[in-house]
Amino acid sequence: MPSQASMVKQTANSERRFVPNSAPVTPAEISPVPTPNGVPEGKLKNDESSKRRRRRKARKRRNSIGKAPRDPRDAVSPPEELESETRSPSPGIDFVGLSKPSIGTVARLEESPEKALERQAKIAGAVRTILECIGEDPNREGLLGTPDRYAKAMLFFTKGYQENIKTIVNDAVFNEGHNEFVIVKDIEVFSLCEHHLVPFTGKMHIGYIPDRDVIGISKLPRIADMFSRRLQVQERLTKDVAHAIMDILKPQGVAVVMESSHLCMVMRGVEKTSATTITSCVLGCVEKREKTRNEFFSLLGLNRR
Ligand SMILES: [Zn+2]
């Protein structure tokens, strides 16, 4: 699996170690594709000066971005008429409030039950072909229902493509005047590696420093779920979550760390059963201030030697 060496550390479980000073994600690793601002309405601070401040910040984040996304389809290009000056610097949320919609997301959201079944049958057909090609008999009793079961399972594993950050957040943003770290630790994450279509699972830790506004605490795992229930690479998943929180909440800073085990590495390839991959993405004040970053990692217990 290709990895961005500066943000990914692979270590054996027995000596898992995370050195935040050497590991933070640099802005250069953030995907360069700007999308127009599709942040949920109602949650925007409307005064001109904060708009200007955000635009400045956005420009800064955009300009510091150097790399193209690995898959060109990751680049969400907006319809021209919706192009506006206030564009989100991150690929997290797009113009209709959907989070990184894939090809046909809107059509799938609006399709009839018959169309949905047709889509499921198409997947089942492909699974039947796989069964034949690996030397199985799709017509033997034990396998009769497998293509359909797999199709349903696959659609569940990738349901994040149809989820909408607006619905998930659902106005659960409250002005609490809180300005210290809020951290949700050990969020279980199940995702599919986009290179092999096999699972990678692990834990995500999400922290942010509010700018007065806080988000309902249960929303953080739901955001993690929305981005993990699709085909992913761990690096991008970590960034997607961090940027989405940055976009919808406009906190002072965000930090996301994910530790996970990739079945494509465990069951095939190098067959390293105890290897853990750690990725991180820090934004805003967490990115800028070493002290804040250290506070986050020590609250997680990740920089203990
Ligand atoms: Zn893989």
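A residue is taken as buried if 20 or more other C-beta atoms lie within 10 Å of its own, as exposed if there are 12 or fewer, and as partly exposed in between, with C-beta atoms placed from the backbone. The model is a predicted one, in which local features need pLDDT of at least 70, side-chain atom pairs count only at pLDDT 80 or more, and totals for chains, interfaces and linings use all residues. Residues are numbered from 1 along each chain as its sequence is written.

The protein chain has 10 helices and 10 strands, taken as DSSP runs numbered from the N terminus (helices H or I, at least four residues; strands E, at least two). Of its 305 residues, 34% count as buried. Among contacts in the chain with a separation of 6 or more, 76% join residues 24 or more positions apart; two residues are in contact if their C-beta atoms, placed from the backbone, lie within 7 Å.

H3 is hardly covered, with one buried residue among its 21. After H3 comes Gly135, with a positive phi near 95°.

H3 packs on H4 at an angle of about 120°, with the axes 8 Å apart. Axes here are lines fitted to C-alpha atoms, for helices over the stretch in contact, and angles run from 0 to 180 degrees between N-to-C directions. The two helices are therefore oblique to each other (under 35 degrees is roughly parallel, over 145 roughly antiparallel, 65 to 115 roughly perpendicular, and the rest oblique). In H3, Gln120, Ile123, Ala124, Val127 and Arg128 meet a set of H4 residues including Tyr150, Ala151 and Leu155. This contact divides into eight nonpolar, two polar and three charged residues. Tyr150 lies in H4 (residues 146–157) and is partly exposed, with 17 other C-beta atoms within 10 Å. Tyr150 and Gln120 are 30 residues apart in sequence, yet 9.4 Å apart in space, C-alpha to C-alpha.

Ile223, Ala224, Phe227 and Ser228 in H6 meet Leu237, Asp240, Val241, Ala244 and Ile245 in H7. By class, this contact has seven nonpolar, one polar and one charged residues, where Ala, Val, Leu, Ile, Met, Phe, Trp, Tyr, Cys and Pro count as nonpolar, Asp, Glu, Lys and Arg as charged, and the others, Gly among them, as polar.
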